[in-house]
Amino acid sequence: MKKISVIIFLMVAACKSMAQVSVDDSLKKPLKQVLTEVQARFHVQIKFDENLVKGQVVSFADWRVRPGNIDKTLNNILTPLDISYTLKAGVYSLRKFDYPRWSVEDGKEELTYLSSLYNDQAGWEKRKTELRACAYSALQLSPLPAKPNSKPIFTPLRLMDGYTIQNVAIETLPGYYVCGSIYRPAKSNGKMPVILSPNGHFEHGRYNKDQQKLCATFARMGAMAMSYDLFAWGESLLQFKDADHNRSIAMSIETLNGIRLLDFLLAQKDADPERVGITGASGGGSQTMLLASLDDRFKVSAPVVMLSSAFYGGSHSESGMPVHLCVGGTNNVELAAMVAPKPQLIVSDGKDWTANVPEIEFPFLQRTYGFYGKKDLVTNVHLPTEGHDYGINKRKAVYAFMAKYLKLDIKAVQGADGEVDETKSAIEPEKALYVFGDKGERLPANAVHGLDEIQKVFNKSTGH
């Protein structure tokens, strides 16, 4: 009898368990099925990449629907899965959640909050000191790793119309080389200004025609300008895969590259350490803001089409390390404010995330510069009909700015009509800008390869 009771008990328990599993399973649905049902229910179109929804399951799917409210319904369904959406022309397009991208209103609110933390120069200086120390720590660059003892690797000098170009590779970590090109005036007397130009995520990287024109024109104006590869872009692909660029370590290495390249440039006998500028667009704008905020050797800065309180950069090379979480949270606008009271030009446009700079971000910078009585040293050139690039009108604004504060000869590049003439700035083929040969045959024997190797080298060099 006892044995029969045990069997009956187990059967009842099993049935209850099966019933519970069945109920739980009925509350789950594949995301793709849920989206199909939402489209039918709300009479909307939802677009998505199959890889984005593959294998995704929505628990308590039907409970997430809010009758009559498509936006709340989609947020309830997608947010737990780290998926977001945009609405354009009546079509809802899904994408992987982009954590550095906020709404304009949220960005504006954060600036209001940050403004409440300090009301004078002393309060701001205290926070700036804390932010800088935290940023170096967040990048795992505190202290900075020792410099390798190797010498720069140069290619032969190329003479252009009024300027020269020479490619160079610098070993910034043992076995890791950053490559770039130095543009100089063909003739110069005495010390000359230095301009570092990190390129952005534009097609062809530093080989991009806009980037070449920018540095060539700086050289014709009398500066020593340098353009260089992003991590896992350009010749860096001889050592890494392009996917490695979108890894968190890229942000730390690119910051280190900028610091070490400035070391190299200022070590040149004709470099003027009192006239040092930095400018870049898009991802290069992110590097411009970060480097100028961390390294006081930069005297002027011009971040182009990047400043925003609502977007910190979509690549891990811009926001992969927790710099923006420092001291309770910060953003690129506050990083740019750390440059105060040194001259700074913000170039924005009407067709990307910088569209609201005149009304939202720029007043915040003016307030910070006002703590020093230097509001006039931060300026904004806004191009409302233009888009996301480092096009001619952006370059013209930066040429005038650099000429003013670095004492460059802008007349040397002006035509008879007074406008900047870039026709003497040569556009070289990509291979002409290589350091290590057409096929990388001159890459040094000690070069590391792959993400695992550079991570080990970085950890050892920084003590992490």
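1. Which residue forms a salt bridge with Arg127? The partner is Glu334, and the closest N and O atoms of the two are 2.7 Å apart. A salt bridge here is a side-chain nitrogen of Lys or Arg within 4 Å of a carboxyl oxygen of Asp or Glu. Glu334 sits in helix H11 (residues 332–337) and Arg127 in helix H6, so this pair ties together parts that are 207 residues apart in sequence. Both Glu334 and Arg127 are buried. Buried means under 20% relative accessible area, exposed means over 50%, and partly exposed is in between (1.4 Å probe, protein chains only).

2. A word on the model and its conventions. The model is predicted, so local features need pLDDT of at least 70 and side-chain atom pairs count only at pLDDT 80 or more, while totals for chains, interfaces and linings use all residues. Residues are numbered from 1 along each chain as its sequence is written, and side-chain values use heavy atoms, with hydrogens and water left out.

3. The overall build. The protein has 14 helices and 15 strands; helices (H or I, at least four residues) and strands (E, at least two) are DSSP runs, numbered from the N terminus. The C-alpha trace spans about 105 × 50 × 45 Å along its principal axes. Of the 464 residues in the protein, 52% are buried. Among contacts with a separation of 6 or more, 72% are between residues 24 or more positions apart, a contact being heavy atoms within 4.5 Å. The protein exposes about 21,500 Å², and carbon and sulfur atoms supply 55% of that area. Accessible areas come from the Shrake-Rupley method with a 1.4 Å probe; for residues, only the protein chains shown count as cover.

4. A salt bridge inside one helix. The whole structure holds 22 salt bridges, one of which joins the side chains of Lys126 and Glu130 at 2.8 Å, N to O. Why are these two separated by about one helical turn? Lys126 and Glu130 are separated that way because they are 4 residues apart in helix H6 (residues 121–138). Lys126 is exposed, with a relative accessible area of 55%, whereas Glu130 is partly exposed at 32%.

5. A salt bridge within a network. The side chains of Asp263 and Arg297 meet at 2.6 Å, N to O. This pair links distant parts of the chain, 34 residues apart: Asp263 is in helix H8 (residues 249–266), and Arg297 is in the loop between helix H9 (283–294) and strand S13 (300–304). Salt bridges that share partners join Lys147, Arg260, Asp263, Asp295 and Arg297 into one network. Asp263 counts as buried because its relative accessibility is 15%; Arg297, at 27%, counts as partly exposed.

6. How do helices H5 and H12 pack? Two packed helices are described by the angle between their axes and the distance between the axes. Helix H5 (residues 104–115) and helix H12 (residues 361–370) pack at an angle of about 10°, with their axes 10 Å apart. That makes H5 roughly parallel to H12. Angles under 35 degrees count as roughly parallel, over 145 as roughly antiparallel, 65 to 115 as roughly perpendicular and the rest as oblique. Axes are lines fitted to C-alpha atoms, for helices over the stretch in contact, and angles run from 0 to 180 degrees between N-to-C directions. In the contact, Leu111, Leu114 and Ser115 of H5 meet Glu361, Phe364 and Arg367 of H12. By class, this contact has 3 nonpolar, 1 polar and 2 charged residues. Ala, Val, Leu, Ile, Met, Phe, Trp, Tyr, Cys and Pro count as nonpolar, Asp, Glu, Lys and Arg as charged, and the others, Gly among them, as polar.

7. Backbone points to check. Most residues other than glycine have a negative phi, and most peptide bonds are trans. A cis peptide bond joins Ser142 and Pro143, with omega about 0°; Pro143 is in the loop between H6 and strand S6 (153–154). The bond from Ala340 to Pro341 is also cis, with omega near 5°, and Pro341 is in the loop between H11 and strand S14 (344–349). Phe60 is not a glycine but has a positive phi of about 50°; its place is in the loop between strand S3 (57–58) and helix H4 (70–78). His204, not a glycine either, has a positive phi of about 75° and is in the loop between strand S10 (192–198) and helix H7 (209–220).
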